[in-house]
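Please open the structure in a viewer and keep the selection tool at hand. The stops below proceed from one selection to the next.

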Amino acid sequence: MADWQTWMKQANFVAGAWIGADSGQTIDVTNPATGEVIGTVPACGEAETMRAIDAAAAAFSELAGMDLMTRVGLLWKLHDALMDNQAALAELLTVEMGKPLAEAKGEIAIGAQYVRWFAEEARRAKGEIVPPGVNGRRILVTRHPVGVVGMITPWNFPSSMLARKVAPALAVGCTIVAKPATATPYSGLAWAALAEEVGYPAGAVNVVTGSARAIAGAMMARDEVRKITFTGSTEVGKELIRQSADTVKKVSMELGGNAPFIVFDDADLDAAAEGAIVSKYRNSGQTCVCANRIYVQAGVYDAFVEKLVAKTRELKVGDGREDGVAQGPLIDADAVAKVEELLDDAKAKGAEVALGGSRHQLGGTFFQPTVLTGATQDMAFATEEIFGPIAPVFRFETEEEAIGMANATVFGLASYVYTRDLGRAFRLNDALQYGMIGINSGLITTVEAPFGGLKESGMGKEGGSQGLEDYLDTKYVCIDGI
Ligand code: NAP
């Protein structure tokens, strides 16, 4: 069994070969738990990306033209390769990103599940025969891979954010040029190593690291890149939507969130507190679907806060590779500064620290899991993503008030509701302007369902049958004179 260093590829994968940057320059990669440099990756840019696109364009006809079951068979092998190497790939992920090993193992496993799911879905990517309006005609609707896909992904889920793009793309025969985040490039490069190991044709999967602007610029400039799929901040997503207009590419955007987590006074409070812990503190609060604002109805406010504080106090902070650690470090010093800025703003506006509230004694980028009470809508985190381990608890009186506060943001990714009133659950499903709603659940990501946001949280879906649609073009053929 390979260890994590075996999967730590300090090179880029272009046209089936491992390469360095033309300039020979490299970028250091750091373990956020220790501050140590663990290796380097090439500082590639426009020229290398252009060659990757050439290779992907050349490989497209081979991958798209394969027998479906050969393509599906490759995905089965990819799934098995991920699971056979789950421990090593998870350790690599923890070393470069900081999340606890158990969460990293879960991330590799869900990535493998996405691969299996899309292998299954590819066999059902059916077309249609539509009744024609006049006799003597047949109307056929057929489905085709879009072509070369450019993928740009963030550091917080460096493996699974690519899984949700790589798997559907390869399933239908699209070829890939991917750029992982600079902070966590190895889990992205591991996808290239896995593709090589299971026998994908050269050029089907290319992974480049380096200047985001140069690499994205090359993707945008080329007609052959027919789709851009991006997961990251809303700010960069908007920029990429603008840039993609020149060659009218398809775009999928998985952008920022600001999830409300609403607890009604009829809720099972223990379940709600447990759900809040999972939703808020997973990945130290650095997920796009993290509970960002916890709204609690007045009648159960104090009881809920007490339970939340008690559970939060149990979270062990430390290096993700240590046993029992539930909270790793934040990704970098900027993330810590942002968390402190949001805390200072809230405290200045009257919030009280019920637990935590400062940097952790471990130093570096470790931060104490924090609970704030007395949060209000004028505080910055009411409209901004926290991306750190702060749980602000707001108070509300009525259902209408909770809905109004929950929707008062440009974001529309995930939301959570705890209630035992079935009618209320359906009313909230209608009223919440969010792409995903967890009723009595704080963990809603699953391969069978379409993950994605409304409003400025993005467009397109990942997972579900919809996740395959995004990689397919629809054509219609009219056959006349029958
Ligand atoms: P980010 O700063 O937007 O970066 C994401 C990716 O875009 C990275 O690969 C980054 O490269 C690249 N990038 C940065 N500037 C670029 C530019 N001008 N042109 C092209 N690419 C550019 O986001 P992040 O800080 O890594 O990730 C956190 C954000 O992602 C949060 O807002 C979070 O909510 C969101 N997110 C959303 C989802 C979802 O499914 N909706 C899932 C996870 C995360 P470098 O690393 O080289 O800068």
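With which residue does Glu-456 form a salt bridge? Select Glu-456 together with Lys-238: the two form a salt bridge in this predicted model, and their closest N and O atoms are 2.9 Å apart. Glu-456 sits in the loop between β20 (454-455) and β21 (458-459), while Lys-238 belongs to helix α8 (residues 234-244), so the pair ties together parts that are 218 residues apart in sequence. Both ends can be inspected for accessibility: Glu-456 is partly exposed, with a relative accessible area of 31%, and Lys-238 is partly exposed as well, at 34%.

Next, select Lys-311 and Glu-274, a salt bridge whose closest N and O atoms are 3.1 Å apart. Lys-311 is part of helix α10 (residues 301-313) and Glu-274 of helix α9 (residues 269-281), so this pair ties together parts that are 37 residues apart in sequence. Lys-311 counts as partly exposed at 24% relative accessibility; Glu-274 is partly exposed too, with a relative accessible area of 38%.

Side chains of opposite charge can pair when their charged atoms come close. Over the whole structure, a search finds 21 salt bridges.

Colour its buried residues, which are Arg-71, Val-72, Gly-73, Leu-74, Leu-75, Leu-78, His-79, Ala-81 and Leu-82. What covers these buried residues? Show α1 (46-65), α3 (86-97), α4 (101-122), α5 (160-172) and α6 (186-198), which are among the elements that cover the buried residues of α2.

For the last stop, select the cysteines Cys-174 and Cys-288. Cys-174 counts as buried at 0% relative accessibility, and Cys-288 counts as buried at 17%. How many disulfides does the structure hold? The number is zero.

Key. Residues numbered from 1 in each chain as written. Predicted model: local features only at pLDDT ≥ 70, side-chain atom pairs only at ≥ 80, totals over all residues. Heavy atoms only, no water. Salt bridge = Lys/Arg side-chain N within 4 Å of Asp/Glu carboxyl O. Helix = DSSP H or I, 4+ residues; strand = E, 2+ residues; numbered from the N terminus. Buried < 20%, exposed > 50% of the residue type's maximum accessible area, 1.4 Å probe, protein only. Contact = heavy atoms within 4.5 Å. Disulfide = S-S within 2.5 Å.
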